[in-house]
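Dear colleague,

I am passing on the structure we spoke about, with notes on what I found in it. Please keep it open beside you as you read.

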Amino acid sequence: MSVLVYTESEQGKFKKTALEVASYAKAVAEQMGTTVTAITFNADDTSVLGNHGVDKVLKVTSSELEKFNANGYASAISQAAKKEGSKVVILSSSADSKYLAPLLAINLDAGFASNVVEAPSNVSPFTVKRTAFTNKAFNMTTIDTDVKLVGVSKNAYGVKENAASATAEDFSPNIPELGVHVDSVDKVTGQVTIADAEIVVSAGRGLKGPENWGMIEELAEVLGAATACSKPVSDLGWRPHGEHVGQTGKPVAANLYIAVGISGAIQHLAGINASKVKVVINTDPEAPFFKAADYGIVGDAFEVVPKLIEKLKEFKAQQ
Ligand SMILES: Cc1cc2nc3c(=O)[nH]c(=O)nc-3n(C[C@H](O)[C@H](O)[C@H](O)COP(=O)(O)OP(=O)(O)OC[C@H]3O[C@@H](n4cnc5c(N)ncnc54)[C@H](O)[C@@H]3O)c2cc1C
């Protein structure tokens with residue numbers, strides 16, 4: 001009857017979100033008086049999961065599931081949930097998990113709550129706090145199906161140490177005929193992606209043109225950050241569309257989001273609400289972004305950003 005958690009990995013290594021959902025699963029299991037089982041796909045060393053509250057790991061090793069496949073993964077996770085008698089199944093809020101959730105909900109006849117930000121306030125009835133309206137509001141949701149499916153928002157619960165040793169067991173689910181095959185995935189290397197970044201440096205039309213992005217890239221490099229942009233910037237072809245943040249772009253749940261020359265239109269803010277600390281650099285003190293900012297610098301990006309880079313380099317050199 002353990003709580004089942006799907007822990008995502010890439011090239012055998014667990015993502016930070018995997019440790020976050022494992023930590024969350026532990027909190028749920030404690031409330032329910034049960035244990036945590038994790039399911040992994042082609043992951044190498046699963047012992048780290050034990051440090052985050054997992055009691056047992058079901059290790060799926062399959063060349064067919066080497067690359068993410070929603071049907072294949074959903075089928076395997078459902079079989080694991082049934083094998084473990086899990087009444088609660090926990091996922092992250094990654095793009096992959098968003099494909100998985102509806103399939104799992106069907107397979108397990110489960111109610112699904114997405115964007116969950118806290119451990120359940122009650123497990124009977126099973127009640128969770130979720131964000132709504134692109135993080136502008138919260139609601140308390142009760143899932144009353146027998147099996148409950150929970151999608152945890154990135155960075156909301158946090159990674160918590162929970163020293164334990166997880167036992168590992170090979171698990172060979174029946175993989176259905178896969179209708180979709182991923183032949184290859186080409187990933188940009190050497191750069192942090194917006195989805196995984198702890199820090200994001202983002203810039204808007206205030207930068208005037210693509211030729212001025214050098215300082216944004218340099219600031220990102222100094223900070224080990226990903227670069228991002230507003231919609232018009234990618235529409236104008238100054239930056240790739242993969243960097244566009246917002247309602248129609250990508251959501252960012254970074255620890256630090258630095259917005260340079262971005263006005264802070266509601267559609268942009270919709271994508272960054274889940275970020276923790278927001279720093280805004282803008283010449284216009286009335287720019288709406290300042291209302292959403294934790295720290296604001298009223299100033300010209302072309303003066304402020306180079307100074308910031310200089311100071312950060314000095315600071316790093318002293319470390
Ligand atoms: C249906 C719909 C969906 C949308 N989805 C998105 C979305 O997902 N993401 C998104 O970003 N937008 C989206 N938009 C567009 C959004 O409404 C804004 O138009 C856009 O976010 C503005 O981009 P910007 O802030 O880069 O540019 P601008 O609005 O032109 O603002 C530029 C800012 O830079 C400042 N500035 C100028 N010069 C400097 C300088 N030298 N130094 C510092 N600051 C300077 C200005 O004061 C200004 O605040 C959407 C719009 C619609 C209608």
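This is a predicted model: local features need pLDDT of at least 70, side-chain atom pairs count only at pLDDT 80 or more; totals for chains, interfaces and linings use all residues.

Strand 13 (residues 199-203) and strand 15 (residues 256-260) run parallel and are joined by five bridges. They belong to an open sheet of five strands with parallel pairing, in the order 14-13-15-16-17. Strand 14 (226-229) and strand 17 (295-298) stand at the edges with a single partner strand each, so one side of each has no neighbour in the sheet. From one strand to the next, the twist averages 15 degrees.

Two helices touch this sheet. Helix 5 (residues 214-223) packs on it, touching strand 13, strand 14 and strand 15, and its direction makes about 175 degrees with that of strand 13. Helix 9 (residues 301-318), for its part, lies across strand 15, strand 16 (277-282) and strand 17, running at about 135 degrees to strand 16.

Turning to another part of the chain, an unreviewed UniProt entry lists residues 3-182 as "domain: Electron transfer flavoprotein alpha/beta-subunit N-terminal". Over residues 3-182 the chain is 28% helix and 30% strand, and the end C-alpha atoms are 30 Å apart.

Helix 3 (residues 70-84) and helix 4 (residues 95-108) pack with their axes 9 Å apart and at an angle of about 45 degrees, which makes helix 3 oblique to helix 4. The crossing is right-handed. Among the residues that meet there are Tyr-73 and Ile-77 in helix 3, and Leu-100 and Leu-104 in helix 4. By class, this contact has ten nonpolar, four polar and one charged residues.

Methods:
Residues are numbered from 1 along each chain as its sequence is written. Side-chain values use heavy atoms; hydrogens and water are left out. Two strands pair if DSSP finds at least two bridges between them. Helices (H or I, at least four residues) and strands (E, at least two) are DSSP runs, numbered from the N terminus. Axes are lines fitted to C-alpha atoms, for helices over the stretch in contact, and angles run from 0 to 180 degrees between N-to-C directions. Contact means heavy atoms within 4.5 Å. UniProt positions are given in the numbering used here, feature names are shortened, and annotations may be inferred rather than shown by experiment. Angles under 35 degrees count as roughly parallel, over 145 as roughly antiparallel, 65 to 115 as roughly perpendicular and the rest as oblique. A crossing is left-handed if the near helix is turned anticlockwise from the far one by less than a right angle, and right-handed if clockwise. Ala, Val, Leu, Ile, Met, Phe, Trp, Tyr, Cys and Pro count as nonpolar, Asp, Glu, Lys and Arg as charged, and the others, Gly among them, as polar.
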